[in-house]
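I opened a notebook for a structure that was new to me. These are my entries, kept in the order of looking.

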Amino acid sequence: MHWTARGMKKQIDTMYLKKGMYVSELDRPWLESPFLFQGFVVDSAEDLQQLQALCAYVVIDPERGDDIDVSIQHRPAARIERIDLHSRQRKVVNVSFEEEISHARQVHARTRSQLDDMFNDARMGRSIDVTGAKEAVSDMVDSIVRNPDAMQWLTNLRKRDEYTAIHSLNVCIFALTFGRYLGLDEKELNELGIGALLHDIGKMRIPLEILNKEGKLTLEEYAVIREHARHGYEILQETAGLPPSTLEIAYSHHERKKGTGYPQGLRDAEIPLFAKMVAIVDIYDAITSDRAYHHGMNTLDALKNMFEWREHDLDSDLVERFIRCLGIYPIGSLVELSSDEVGIVISVAQSTRLTPMVMLVRDAEKKTMLPPKIIDLSRFMRGNAEQPLEVKKVLEPDAYGIDIREYIQKEIRVS
């Protein structure tokens, strides 16, 4: 829920705090706050910003000030999916990376086009038609079920100036790859996929100057950004043909297990499973992407950070499973081999996670290899070769002037 009754008082997320409300309690001791009085009417933008920056929730007294918006009070609570992940069987890879990549490119392009249309409609205040998007997601599910590596390879087509659209598409791909790894069935994958694809549609109501701002956001700007979860819920609530999980993902993918997230301050057991999954892949794609205000991490550092964050912010079990799903060298990682050659990881077999398939793009002297050479490191394992070839370290995404997107856009031929 967005509020919890305490007699006549109500605990609400600070996202919904407005001028005129009487704040009677904080989510922390008053002495840890800058406010002089224990109980006061919010009567300035400064009070509002300080409360939203300091607290996840507060308690208001409607008898001494304004009440929460009725439309928010009657929004339905989250539906918790009861899915026993431990009983699921992982799907096997049916086709090779080389066989799937051409089809994956077509599906990727078609889904991107559908996403652009929906985002434009949402930005212009028009109703969105999700029929084409659901068909595109279904095609993505089929591709990822056959071989997840091909579609995951395309997540590296990131552009700083197209972040929101590319990010939404990437989150969908990572979510489906993760769902496949967990053993979700096709119906569940399609539900998860459409929710992941539309998880950030509420950002279409956020001013571009805030969304694409370079540098740190002000407290007021951050409060505006946080509104995208509510905007997304409202847009999707008016859209026919969507399962409830789609709305829950849009509304709850910024919830955190200790109750520090938004917009409802839900805790671990209250957060829907699909929203937990999308939260994880959302963070992973965000921190590995170049943005207007930060440089993307390499994949290994990103996974290390997420492993640390799992104790406070994310579902610990799901984070550990996600790391196992991607492997220590996720597809798209730039790596240096024991031969001093540099390559991009393009495919990883579950049984040989430490010895992926790599596209070599720099020789031992770090000179460009033309054409790139693709090798399967599992063939160079100790015992299989006189001089084992293995990954020495993970590099920063732009090391040696390498633009991974240039290689992703080219056709791949595995010898």
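The entries below go from the whole chain to single residues.

**Entry 1: the whole chain**

I noted at the start that this is a predicted model. I looked up the length and found 415 residues in the chain, of which 56% count as buried. I then went to the secondary structure, where 15 helices and ten strands are listed. For the surface, I wrote down that the chain exposes about 18800 Å², with 49% of it supplied by carbon and sulfur atoms. I also looked at contacts with a separation of 6 or more, and 67% of these come from residues 24 or more positions apart.

**Entry 2: S168**

I picked S168, which sits in helix α6, residues 163–182. Is S168 buried or exposed? S168 counts as buried, because its relative accessibility is 0%, and the cut-off for buried is under 20%. I then asked which residues S168 is in contact with, leaving aside its neighbours within four places in sequence. The answer is L115, F119, A196, L197, H199 and D200.

**Entry 3: salt bridges**

I searched the whole structure for salt bridges and got 21. As a reminder to myself, side chains of opposite charge can pair when their charged atoms come close.

D200, already noted as a contact of S168, turned up again here. Its side chain meets that of K203 in a salt bridge, at 3.3 Å from N to O. Both K203 and D200 are buried.

Next I looked at D116 and R112, which form a salt bridge with their closest N and O atoms 3.0 Å apart. How far apart are D116 and R112 in helix α3? They are four residues apart in that helix, residues 97–123, so about one helical turn separates them. I checked the cover of each partner. D116 is partly exposed, since its relative accessible area is 26%, while R112 is buried, at 18%.

I also noted the salt bridge between R28 and D27, where the closest N and O atoms are 2.9 Å apart. R28 has 28% relative accessibility and therefore counts as partly exposed.

The last item under this heading was a network of salt bridges that links R205, E227, R230 and E234.

**Entry 4: a charged patch**

Which residues form the negative surface patch? I listed D290, D301, E396 and D398. I followed up D290, which is found in the loop between α12 (273–287) and α13 (299–309). D290 has a relative accessible area of 31%, so D290 is partly exposed.

**Entry 5: the loop between α11 and α12**

I stayed in this part of the chain and took K257, which lies in the loop between α11 and α12. K257 is buried, because its relative accessible area is 15%.

I looked at its peptide bond with Y262 and found a cis bond, with omega about 10°.

**Entry 6: another cis bond**

I found a cis peptide bond from L370 to P371 too, with omega near -5°. Where is P371 found? P371 is in strand β9, residues 368–376.

**Entry 7: positive phi values**

I looked up backbone angles and stopped at D340. Its phi is near 75°, a positive value in a residue other than glycine. D340 lies in the loop between β6 (334–337) and β7 (342–347). With a relative accessible area of 30%, D340 is partly exposed.

Y400 is not a glycine, yet its phi is positive, at about 55°. I placed Y400 in the loop between β10 (391–394) and α15 (404–408). Its relative accessibility is 40%, so Y400 counts as partly exposed.

How values were computed
Residues numbered from 1 in each chain as written. Predicted model: local features only at pLDDT ≥ 70, side-chain atom pairs only at ≥ 80, totals over all residues. Heavy atoms only, no water. Helix = DSSP H or I, 4+ residues; strand = E, 2+ residues; numbered from the N terminus. Buried < 20%, exposed > 50% of the residue type's maximum accessible area, 1.4 Å probe, protein only. Contact = heavy atoms within 4.5 Å. Patch = residues over 30% accessible without salt bridge, like charges linked within 9 Å, V, L, I, M, F, W, Y side chains within 5 Å. Areas by Shrake-Rupley, 256 points an atom, 1.4 Å probe, with all protein chains shown as cover. Salt bridge = Lys/Arg side-chain N within 4 Å of Asp/Glu carboxyl O. Lys, Arg positive; Asp, Glu negative; His and termini not counted. Charge placed at Lys NZ, Arg CZ, Asp CG, Glu CD.
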